[in-house]
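Student: I would like to go through this structure with you, step by step. Could we begin with how the terms are meant and then turn to the chains?

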Amino acid sequence: MGTILEINNLHARLKEGREILKGINLTVNEGEVHAIMGPNGSGKSTLSAVLAGRDTFEVTEGEVTFMGENLLEMSPEQRSWAGVFLGFQYPVEIPGVTNTNFMKAAVNEHRKQKGLPELNAAQFLKMMKEKMAIVQMNSSFSSRGVNVGFSGGEKKRNEIFQMAMLSPKLAILDETDSGLDVDALRIVGNGVTALKSPENASLVITHYQRLLDYIVPDVIHVLYDGRIIKTAGKELALEIEEKGYDWIINA
Amino acid sequence: MKQEDLKKSNRTIEEIYSSEYKEGFVTDIEQEFIPKGLSEDIIRLISHKKEEPQWLLDFRLEAFRKWQKMKMPSWGHLNIPEIDYQDIIYYAAPSKKPAVNEDGSKKEIDPELARTFDKLGIPLHERDILAGVAVDAVFDSVSVKTTFREALNEKGIIFCSFSEAVKEHPELVKKYLASVVPSGDNFFSALNSAVFSDGSFVYIPKGVKCPMELSSYFRINAKGTGQFERTLIVADEGSYVSYLEGCTAPQRDENQLHAAVVEIVIEKDATVKYSTVQNWYPGDKDGKGGIYNFVTKRGICKGSGSKLFWAQVESGSAITWKYPSTILKGDNTVSEFYSVAITNNYQQADTGTKMIHIGKNSRSRIVSKGISAGRSQNSYRGLVKVLPGAEGVVNFSQCDSLLIGDKCGAHTFPYIDCANPDAVLEHEATTSKISEDQLFYCQQRGIKAEDAVGLIVNGYAKEVLGKLPMEFAVEAQKLLSLSLEGSIG
């Protein structure tokens with residue numbers, strides 16, 4: 001069982017701003033699902049943004065190794081090619097660019113980086129169709145602008161569809177459950193579970209336990225004030241659901 | 001991964017746009033010039049060099065006298081530095097005169113010129129040429145070659161340089177010259193009428209559908225010169241032609257002037273498609289150099305049922321002042337204007353159209369897409385005018401602006417002047433921005449920032465690019481991405 005991600009004493013702050021991550025340590029191995037929970041403002045979304053290479057944050061200390069490489073030296077697109085996928089909490093709208101053209105550009109760039117030829121139109125459309133089925137997306141979405149006019153649930157399904165298209169080594173899902181109704185939650189959760197394999201891993205960032213009914217984690221970490229203050233098995237989620245975070249924070 | 005790669009791909013919007021202008025080379029060829037400056041003597045000299053008839057010289061002199069009394073227009077949203085019209089050379093031509101066959105057609109072109117046009121992707125040997133496209137190649141002040149002349153001639157189509165048309169078809173030139181754009185129409189049309197050098201002449205006879213795309217390629221080469229293109233297109237009853245013009249110029253620190261006049265006359269039931277891919281040197285990333293592109297283009301849908309379709313991609317020039325317009329004179333006439341104007345660095349563009357509805361049930365459509373990056377200023381200026389007798393007029397206008405970065409400007413100045421309450425006029429406008437969030441989203445999916453901008457910009461301009469002749473749409477698409485290179489950081 002190889003190690004996919006290793007975070008060692010990671011400190012990060014808003015550019016020229018206050019420190020948000022204050023020494024994160026985390027190891028994610030192949031085949032594992034890790035959940036990161038924590039109250040608002042604890043640094044969950046910052047962690048996902050830093051891992052994806054968002055330049056509004058700067059790393060001040062620590063190391064992140066991804067598949068044996070120094071992740072922090074890579075540009076956002078290099079991280080994507082290496083196998084890091086971020087499911088956005090707020091997927092971005094791109095008017096004028098259809099979902100199909102967007103994914104074609106992404107998939108072919110990934111293939112190019114791996115030295116593979118581009119997919120032809122027929123191969124690509126077949127792949128689109130297969131992957132859309134995983135999240136029960138209507139084919140009409142492929143010709144619509146990326147996320148333009150999509151409902152909250154449709155946007156999140158689109159994220160999981162894109163994840164399926166790119167088959168990442170590590171999927172970081174940032175509050176994918178926010179703004180979802182029960183049906184969308186089930187579709188998204190089942191989609192993520194369907195994409196699980198012994199070779200990949202997921203980092204599921206969530207505020208609530210309910211998503212974890214569908215994506216069952218191996219480990220749960222509680223993030224508070226920029227540090228992981230507790231790590232336990234999946235039963236921790238139920239305890240948090242029942243008692244909140246205070247008992248951990250004040251422990 | 002190297003630190004340098006990281007820097008390169010982690011640039012923000014501010015940095016992606018200082019592109020390499022691929023057409024910025026100079027052709028080293030012996031050229032003849034006339035002395036710089038503008039006077040009646042200079043105009044006489046130009047006319048003499050072109051061996052023109054007296055009536056044309058008179059036309060030029062009359063225009064010059066009008067021009068002397070006129071002032072440069074200042075209503076554009078443009079900051080135009082003072083232009084010294086006495087410091088410009090008004091005529092420059094390759095000095096090796098191409099030999100002329102007995103039938104008046106030119107012999108093989110100077111190999112150095114042929115190489116220049118080859119390099120620009122405009123092969124002038126018919127065997128190498130783009131299938132189905134005839135080209136008139138204009139180098140500084142003269143047309144150096146017109147391809148497929150004979151083949152077109154068999155159908156009665158006249159496609160030649162303007163200078164040749166003056167010699168070979170004086171009756172047509174005399175009839176239509178300045179019939180759409182009078183010499184005194186504006187400051188630049190008067191200047192052009194006084195000193196125009198060369199351009200294309202097209203005549204499509206009654207009922208003839210032109211079997212190939214006609215195109216003109218304008219190249220400025222000589223230093224210190226201006227180019228004064230004059231093009232005249234006449235489509236007789238029931239005919240059809242699709243015409244495209246392209247242009248480029250060397251990369252220089254000085255500014256050069258291109259002041260063109262294009263006139264299009266469309267008779268009953270005829271259709272003209274006029275497409276432009278304007279790629280004059282835009283100046284460098286600090287705004288040094290570049291072409292001043294001050295152009296008057298106008299067509300008249302004279303006969304009933306005639307149609308004029310404009311499609312333009314404006315990516316070059318330091319300053320663009322250009323409003324291709326249509327006078328919808330006949331009943332049931334139709335005109336459309338589709339435009340993408342892209343400005344980067346310190347470029348300025350004030351461009352749009354005028355649709356003048358005179359005929360009954362005349363219809364027009366305006367789709368304008370402005371893209372501003374860097375520190376550029378991009379304005380749409382349009383007029384929809386409906387005269388009292390024009391019943392049943394319909395116009396739809398859509399003006400969209402896309403901003404890249406936060407130091408550029410986008411402006412729209414739509415004017416409506418409607419004297420017939422029966423008209424149905426619609427106007428829509430949007431402004432959007434390529435955000436850091438959109439770029440990061442694309443990058444996270446593995447799409448490089450530059451490619452992401454290309455994807456977004458081409459998606460935005462798709463509707464207009466679709467109106468260009470197929471052979472050129474792909475080129476135009478590449479041009480859009482190239483023009484924006486270096487605009488993201």
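Tutor: Two residues are in contact if their C-beta atoms, placed from the backbone, lie within 7 Å. Please keep in mind that this is a predicted model.

Student: How many residues of chain B are in contact with chain A, and how do they divide by class?

Tutor: By that cut-off, 23 residues of chain B are in contact with 25 residues of chain A. Helix 1 (3-9), helix 10 (436-444) and helix 11 (449-465) of chain B each supply at least two residues of this side of chain B. By class, the 23 residues of chain B comprise eight nonpolar, nine polar and six charged.

Student: Which residues of helix 6 of chain A meet helix 5 of chain A?

Tutor: From helix 5 of chain A, the residues involved are A:G153, A:K156, A:R157 and A:I160. By class, this contact between helix 5 and helix 6 of chain A has five nonpolar, two polar and two charged residues. On the helix 6 side of chain A, the residues are A:A184, A:I187, A:V188, A:G191 and A:V192.

Student: What percentage of the residues of chain A count as buried?

Tutor: Chain A contains eight helices and twelve strands. Of its 251 residues, the share of chain A that counts as buried is 44%.

Technical notes
Residues are numbered from 1 along each chain as its sequence is written. Chains are lettered from A and ligands numbered from 1 in the order in which they are written. This is a predicted model: local features need pLDDT of at least 70, side-chain atom pairs count only at pLDDT 80 or more; totals for chains, interfaces and linings use all residues. Helices (H or I, at least four residues) and strands (E, at least two) are DSSP runs, numbered from the N terminus. A residue is buried if 20 or more other C-beta atoms lie within 10 Å of its own, exposed if 12 or fewer, and partly exposed in between; C-beta atoms are placed from the backbone. Ala, Val, Leu, Ile, Met, Phe, Trp, Tyr, Cys and Pro count as nonpolar, Asp, Glu, Lys and Arg as charged, and the others, Gly among them, as polar.
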